[in-house]
Amino acid sequence: MNKLDVVLGLQWGDEGKGKVVDLLTPAYQVIARFQGGPNAGHSLVFDGDSFVLHTVPSGIFREGSVNIIGNGVVLDPVILMDEISQIEAKAGDISDRLLISKRAHLILPTHRMLDAASEAAKGKSKIGSTLKGIGPTYMDKTGRNGLRVGDIMSGEFTQRYEALKQKHLAMLAQYDFEFDIAEYEAKWLDAVQQLRRFSFIESELVANKLLEEGKSILAEGAQGSMLDIDFGTYPFVTSSNTMTAGVCTGLGVAPCRVGDVKGIFKAYCTRVGSGPFPTELFDEVGEQLRSIGHEYGATTGRPRRCGWLDMVALKYAIMMDGVTELIMMKADVMNSFDTIKVCTAYKIGNETVDHFPYEADDKVEPVYKSFPGWKSDITKVRSYEEFPVEFKNYVEWIEKETGCPVKIISVGPDRSETVMR
Ligand code: GDP
Ligand code: IMO
Ligand code: MG
């Protein structure tokens, strides 16, 4: 029986998962999303085109690949159908290569309103949610109230939708929050009908059968390990398990089926939304990372907070994800920097700690190690040997610190701007 490989983000999301999955897809027959939903925005750049995928796995543009939306995903039919129209305009009919788990939960229009009302009520302490209804949908899932994709085929779908909507409307009445869902609801009900042309599957049966047949599967993470509901910077996290463990529950495969875990990180660090970010920079360097790296959210357009690479957080994620190899993204953004800093430990009061603490609040002060910058353009480099020595020193130091080889280095957004080792 084959094993399933995993690609996931090790930081606070937006590490470049879309690019990497698109790049790796030719080596796999199946790509599967296992958690998250349209809060994700995965960018793909190839052949002069660019796309942002939210719910559909990033293997969709590669002919011959099968793409599965797993049971651990929450999906909004409106966003999914919009995305499918954009993909089909480029790639033609994809109904034979996109399979959707019956067990995936549906994001209702009222889930979106609950997300917005909850955030508005939190005021300054808001999470900075993408407002796609993710939290309320997972709450209904664990609260055992949710509607699932498989329910679309039930004769009682409309009644069940109405019942859940009424429950939500009663909850919304507790908030001082004005809303009108009529227009979105009409689109939603229409999109639900359009979804019927896709195969609704038991992804757990399909995934295990594929592995038994010796087919190769790549699981595509969304968000990042530091946004994990259990181990991220709670409560400033998303509502799913973004780590390797989430693959098992989000697709229905046993832990012993997990093969390589490819952990993606940016050569620096970003975060969008609120919450702890020990290495965040508020100076000109932070501005440069944002402007050179085009650090604006692929889903919401919000400016991303930027800072130096945080090895304490990275090692924490590598440990819990069981990362077997690393993929470094966006080092080209720092081409012109004189000095590159990396956080190696935190000072908390009089103590220096090298592990990620329970509360990574304002009291956490990063301890930095400096590296001389490579001060040259690495975007055209296509083999490791061609990199400047300063850059190689940076990469090899990270390998030594983490005990993981850096197998892929991305030097630009395009599929071709990549160095494989
Ligand atoms: P994801 O959510 O992890 O898929 O990442 P996003 O797509 O949200 O954000 C990554 C951004 O960086 C996108 O705009 C990519 O096109 C871009 N990108 C990916 N890799 C590189 C790289 O190596 N260098 C540069 N400059 N941009 C990159
Ligand atoms: P990809 O897959 C970066 C962040 C939001 C917010 C918190 C909770 O593109 O890396 P939610 O909408 O899930 O309730 O928001 O998580 N967040 C992301 N940040 N990349 C993402 O996805 C994210 N998905 C959610 O900004 O802070
Ligand atoms: Mg993204």
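An oxygen atom of ligand 1 sits 2.9 Å from an N or O atom in the side chain of Asp14, a polar contact (a pair of N or O atoms within 3.5 Å; within protein, one must be able to donate a hydrogen and the other to accept it, and residues adjacent in sequence count only if both atoms are side-chain atoms). This is a predicted model, in which local features need pLDDT of at least 70 and side-chain atom pairs count only at pLDDT 80 or more, while totals for chains, interfaces and linings use all residues. Residues are numbered from 1 along each chain as its sequence is written, chains are lettered from A and ligands numbered from 1 in the order in which they are written, and side-chain values use heavy atoms, with hydrogens and water left out.

Stay with ligand 1. A polar backbone atom of Glu15 is 3.1 Å from an oxygen atom of this ligand. For a backbone N or O atom of Gly16, the distance to an oxygen atom of ligand 1 is 2.8 Å. On its own, ligand 1 has 580 Å² of accessible area, and the protein covers 90% of it. Such areas come from the Shrake-Rupley method with a 1.4 Å probe; for residues, only the protein chains shown count as cover. Around ligand 1 there are 20 residues, where a residue is near a molecule or strand if one of its heavy atoms lies within 4 Å of it. Gly16, Lys17, Ser43, Asp332 and Ser410 come nearest.

The magnesium ion (ligand 3) has Asp14 (OD) and Gly41 (O) as its protein donors, at 2.1 to 2.2 Å. Donors are N, O and S atoms within 2.8 Å of the metal (3.2 Å for Na, K and Ca); water is not among the atoms, so sites may look incomplete. Asp14 lies in the loop between strand 1 (4-9) and helix 1 (17-24), and Gly41 in the loop between strand 2 (30-33) and strand 3 (42-46), so the pair ties together parts that are 27 residues apart in sequence. Helices (H or I, at least four residues) and strands (E, at least two) are DSSP runs, numbered from the N terminus. Asp14 is partly exposed because its relative accessibility is 23%. Gly41 is buried, at 11%. Buried means under 20% relative accessible area, exposed over 50%, and partly exposed in between (1.4 Å probe, protein chains only).

Now ligand 2. A polar side-chain atom of Asn39 is 2.9 Å from an oxygen atom of ligand 2. A polar backbone atom of Val272 is 3.0 Å from an oxygen atom of the ligand. The protein buries 97% of the 550 Å² that ligand 2 exposes when taken alone.

Turn to helix 8 (residues 244-251). It is largely enclosed by the rest of the structure, because 6 of its 8 residues are buried. These are Thr244, Gly246, Val247, Cys248, Gly250 and Leu251. They pack against strand 1, strand 2 and helix 10 (311-321), among others. Gly252 follows helix 8, with a positive phi near 85°.

Finish at Thr279, in the loop between strand 12 (269-271) and helix 9 (284-292). Thr279 is buried, with a relative accessible area of 0%. Beyond its neighbours within four places in sequence, its contacts (heavy atoms within 4.5 Å) include Cys269, Trp308, Cys343 and Tyr368.
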